[in-house]
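Here are my notes on this one, as numbered points. Have the model open while you read.

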Amino acid sequence: MKEKKQSALAGLFAYAGNYKYLTITSWILSAVSAWIALVPFYFIWKIIKEVLDVAPDYGNATHLAAYGWKAVGFAILSMFLYICGLICSHLAAFHVQANIRSELMRHILTLPLGFMDQEGSGRIRKIVNDSSAATETYLAHQLPDRAGAVATPVGLAVLLFVFDWRLGLLSLIPVVLAFLFMGSMMGESMKKKMEEYQNSLEEMSSEAVEYVRGIPVVKTFGQSVFSFKRFKKAIDNYEKWTIAYTKELRVPMTAYTTVINATFAILIAATYFFTSKGTDAGFLLNLLFYIIITPIITVTMNKIMYSSENQMIVEDALTRIHSITDRQPLPESASPKQPKDMSITFDQVSFRYEDATKDALHQVDLQIREGEHVAFVGPSGGGKTTLASLVARFFDVTEGKIEIGGVNVKDISSEKLMDTVSFVFQDSKLLKMSIFDNVRMGKKDATREEVLAALKSAQCEDIIEKLPDGIDTVIGSKGTYVSGGEAQRISIARAMLKNAPILILDEATAFADPDNEAKVQEAFSNLSKGKTVLMIAHRLSSVSGADRICVLKDGEIAEMGTHEKLLSDQGLYAHMWEEYNKSVCWKVGA
């Protein structure tokens, strides 16, 4: 256990830099504060002793005020040192938390784009926010408190045995029993359960994000949470784990709470035993002192117990943080090459997602000429999006290779590859910033005139006209929002400004209404001129004019050709076209 604690602490110190010395200083100050906090109890004992010595002539108790002020002085000194320790620990903890979040975000930016889709934004958000926050609580509060909690028994041992070693020894019996019960609640079993607890919270967080995104559908069709089976299952799993865990700890926790608060019972029993043959004034004075000071034992033990629990939380948090930082970015070529043109070649490409049992793509061969417009269609799960994503190295292929202009994408620098490929996704994201800044993300040094030209080419003039501050309107502020189709056109303007020679359109008209779709299609027409275009679509009418259509099924190219050729072949595409036209012509009967 000690080795693991050092490992967790070493992990935190790796992010602390020179601030780790502030953490160590906070421990020292907390320990000294804990020892000084015991001194007032000595003066309280002196006050009681003097009162009993002069009774009933209390006017002779001339040192009471002096003892009282000394007790107050040491109590204030103890609090001052503790506050100074907390200031040191908080400065170090905030620095560590900020460093962890910064390093995580910097590292995430180096990971392939598919990482976010694969892991889920809810899980990543929880690790970045909650796991780093757990380290802050541990460093800022738990470690200083633990240093004080460890130092306190040393000082207590001196006080307990100085006045009456018999009562001191009896006062430690609950401590020994409490440690035994505490041990039954710690260890590897508890660590595993803490991991399960964090897993269940993480799963709920991830599924909650997906559920919130789907609320419009739920409300539209009058569904309940039970329509989202995975979210409900995550909640049920958390409930099941929590109840089982609580029941398992019920007995040892009850026993621990009982024995740690049983000191008074032991002292009372000892009083009956030791005074059975007569009352000893000195013994009663010491008994009063023990009754006053022994509650510190309970507080100290609780601090030790909760700090041990928080240590396991931090160890689990560091494990989750390392699950991201240990992921390696895609390798970069030592001698990056420049593509000679914008043709794309898929050479025996196979790809399998992590932990999957079969390939998402298998032995795909495809040549796309520079400037050619190629559409990927087919049943859901056929591999359309995966195939397009591999061009931009969202992932690296499992087998085979992908070339742009005769150069393997692995040999093209990531910066050059991102300049070469643009994406327009079906669910376009706009950040909470002005339209101008959202569009200029495509080209950081773009002028205002270039941004306006891109918006005009993307058919966004009607959007700009109705916004209160034109292109300077901040999306999401003061109730200002745009529709899905409008957001799509603004995203197209961003892609136009970037002006990458290869364009990937992933279901880009999926959420557009008829009016927006016409404008989006016109924007696409402007955007696609002179570019190599890969289109992914379920709406077959949007790709019928493509130079070539590839029909993917079960990770393989089942058919390929022009719209007319594929219809004449009477294969899978012809069947899909027939079903698509039925759905378009379908209407509610009278």
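1. Start with Ile435: leaving aside neighbours within four places in sequence, Ile435 is in contact with Leu455, Ile464, Leu467, Gly470, Ile471, Thr473, Ile475 and Ile490 (contact means heavy atoms within 4.5 Å). Ile435 and Leu455 have the most contacts inside the largest nonpolar core, which has 43 residues. A nonpolar core here is a set of buried Ala, Val, Leu, Ile, Met, Phe, Trp, Tyr and Cys residues joined through side-chain atoms within 4.5 Å. Helix 19 (residues 484-498) gives this core its largest share, 7 residues. Another core, of 34 residues, lies apart from it, with Ile344, Phe346, Val374 and Leu387 among its members.

2. A word on the basis. This is a predicted model, where local features need pLDDT of at least 70 and side-chain atom pairs count only at pLDDT 80 or more, while totals for chains, interfaces and linings use all residues. Numbering runs from 1 along each chain as its sequence is written, and side-chain values use heavy atoms, with hydrogens and water left out.

3. On to the rings: the structure holds 9 aromatic pairs. Rings of Phe, Tyr and Trp (its six-membered ring) pair if their centres lie within 6.5 Å; planes under 30 degrees apart count as stacked, over 60 as edge-to-face and the rest as tilted. Tyr42 and Phe43 are edge-to-face, at 5.5 Å centre to centre and 65° between the planes. Phe43 also pairs with Phe74, this time stacked, at 5.8 Å and 20°. Phe43 lies in helix 2 (residues 20-54) and Phe74 in helix 3 (residues 64-110), so this pair ties together parts 31 residues apart in sequence. Helices are DSSP runs (H or I, at least four residues), numbered from the N terminus. Ring pairs link Tyr42, Phe43, Tyr67 and Phe74 into a cluster.

4. The cut-offs: buried is under 20% relative accessible area, exposed over 50%, partly exposed in between (1.4 Å probe, protein chains only).

5. Have a look at helix 10 (residues 229-260) too. Its 32 residues reach 45 Å from first C-alpha to last, close to the 46 Å expected at 1.5 Å a residue (1.5 Å times one less than the number of residues). Helix 10 bends by about 45° at Arg250, and Pro252 follows within four residues; the bend is the angle between axes fitted to the seven residues ending there and the seven starting there. Buried residues of helix 10 include Trp241, Tyr245, Leu249 and Pro252.

How values were computed:
Helices (H or I, at least four residues) and strands (E, at least two) are DSSP runs, numbered from the N terminus.
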